[in-house]
Amino acid sequence: MTLTTIPVNQETANYWEQLKGTSRQVKLSLISLLSASLVKEKVEAQVTNDSDKLHITTEDLEITPFVATLGRSIKPLPADFDYKKAKEEYLTQKYG
């Protein structure tokens with residue numbers, strides 16, 4: 001782990017604490033916006049005179065109504081959900 005990794009991980013953890021309780025729709029929208037921002041940075045970095053060259057825009061990465069409906073019926077897990085217990089129960093049922 002490098003010295004720059006620790007502050008980045010902490011900043012990421014801070015953002016996650018603010019966002020982890022949001023709905024799936026909000027999380028999917030944020031993923032689209034983050035992806036679009038990365039693509040935009042890359043496209044801007046590769047400025048060329050060739051106007052016929054294909055590029056991806058923010059609008060290209062927007063969530064379609066179909067994708068937005070995929071997670072609507074999934075209920076969020078409670079804050080005290082025991083992942084380890086659920087994993088053990090699943091593996092016991094599946095493999096005995």
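Buried means under 20% relative accessible area, exposed means over 50%, and partly exposed is anything in between, with a 1.4 Å probe and protein chains only. By that cut-off, 4% of the 96 residues of the chain count as buried. The model is predicted: local features need pLDDT of at least 70, side-chain atom pairs count only at pLDDT 80 or more, and totals for chains, interfaces and linings use all residues. Residues are numbered from 1 along each chain as its sequence is written, and side-chain values use heavy atoms, with hydrogens and water left out.

**Whole chain**

Start with a cartoon view. The chain has four helices and zero strands, in the order α-α-α-α along the sequence. Helices (H or I, at least four residues) and strands (E, at least two) are DSSP runs, numbered from the N terminus. Switch to a surface: the chain exposes about 8900 Å², and carbon and sulfur atoms supply 60% of that area. Accessible areas come from the Shrake-Rupley method with a 1.4 Å probe; for residues, only the protein chains shown count as cover.

Select Trp16, which lies in helix H1 (residues 5-19). Trp16 has a relative accessible area of 46%, so it is partly exposed.

Next, select Lys20, in the loop between H1 and H2. Lys20 forms a salt bridge with Glu17, with the closest N and O atoms 3.2 Å apart. A salt bridge is a side-chain nitrogen of Lys or Arg within 4 Å of a carboxyl oxygen of Asp or Glu. The two side chains are also joined by a polar contact of 3.2 Å. A polar contact is a pair of N or O atoms within 3.5 Å; within protein, one must be able to donate a hydrogen and the other to accept it, and residues adjacent in sequence count only if both atoms are side-chain atoms. Glu17 is exposed at 51% relative accessible area, while Lys20 is partly exposed at 40%.

**Helix H2**

Move to Ser32 in helix H2 (residues 24-45). Its relative accessible area is 15%, so Ser32 is buried. Leaving aside neighbours within four places in sequence, Ser32 is in contact (heavy atoms within 4.5 Å) with Leu61, Glu62 and Ile63.

**Helix H4**

Finish at helix H4 (residues 83-95). Its 13 residues should span 18 Å at 1.5 Å a residue, and the end C-alpha atoms are 18 Å apart, which agrees. The expected span is 1.5 Å times one less than the number of residues.

At the N-terminal end, select Asp82, which caps H4: a side-chain oxygen lies 3.2 Å from the backbone nitrogen of Lys84.

Within H4, select Lys85 and Glu89. They form a salt bridge, the closest N and O atoms being 4.0 Å apart. The two residues are separated by about one helical turn because they are four residues apart in H4. Lys85 is partly exposed at 47% relative accessibility, and Glu89 is partly exposed at 43%. A search of the whole structure finds two salt bridges.
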